[in-house]
Amino acid sequence: MSIEQRQQDLIAEFADIDDWMDRYGYIIDLGNALPPIDESKKTPSNLIEGCQSRVWLDAELDADGNVMFTADSDAIIVKGIISLLISVLNGHKPAEILDADLHFINDIGLGEHLSPTRSNGLLAMVKQMKMYAMAFKAKAEL
């Protein structure tokens, strides 16, 4: 499934949830369903700078050259937010990730319903995911 298709699916899922407390509940559920990151990946180098909460993000290339992200957070909402990002970007080529316009964030209203510190954290998560993609793309071009 393409990044755009996954975004459209998420937009449709959130359209069925009117109340923002219910949306937060859904985001928390997504975070709780996030596969755990290996404890060995919870290192200072995998912490995302700019997040108020602690968020660990790791990425690897699979055998087909697709980026596979794993993450965890000590905050349940933040874990749900990183889960949303992973659900959209996981399993795609680095170039696809770099070219992705992650419009679903605004389309589902997430950007306007986060505190300024969480919004900054969300931007930091997106930036770090794109940095991983950029590094993998540059390495492949060598």
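Guide: A cavity is a set of grid points where a 1.4 Å probe fits but cannot get out, and its lining residues have an atom within 4 Å of a point. This model is predicted.

Visitor: Which residues line the largest cavity?

Guide: C51, Q52, S53, V78, T117, R118, G121, L122 and M125 line the largest cavity. Helix 6 gives the most to this lining, with five residues. About 70 Å³ of space lies inside.

Visitor: Why is D58 called buried?

Guide: Buried means under 20% relative accessible area. D58 has 9%, so D58 is buried.

Visitor: What makes D58 and K41 a salt bridge?

Guide: The cut-off is 4 Å between a side-chain nitrogen of Lys or Arg and a carboxyl oxygen of Asp or Glu. D58 and K41 meet at 3.5 Å, N to O, so the pair counts. D58 lies in strand 1 and K41 in the loop between helix 2 and strand 1, so the pair ties together parts 17 residues apart in sequence.

Visitor: What does K42 pair with?

Guide: K42 meets D72 in a salt bridge, at 2.8 Å, N to O. D72 lies in strand 2 and K42 in the loop between helix 2 and strand 1, so the bridge ties together parts 30 residues apart in sequence. D72 is buried, at 11%. E39, K42, D72 and K79 are linked in a network of salt bridges.

Methods
Residues numbered from 1 in each chain as written. Predicted model: local features only at pLDDT ≥ 70, side-chain atom pairs only at ≥ 80, totals over all residues. Heavy atoms only, no water. 1 Å grid on protein atoms, 1.4 Å probe; cavity = no way out; pocket = protein on both sides within 12 Å on 5 of 7 lines; lining within 4 Å. Points joined across faces, edges and corners; volume = space filled by probe spheres on them. Helix = DSSP H or I, 4+ residues; strand = E, 2+ residues; numbered from the N terminus. Buried < 20%, exposed > 50% of the residue type's maximum accessible area, 1.4 Å probe, protein only.
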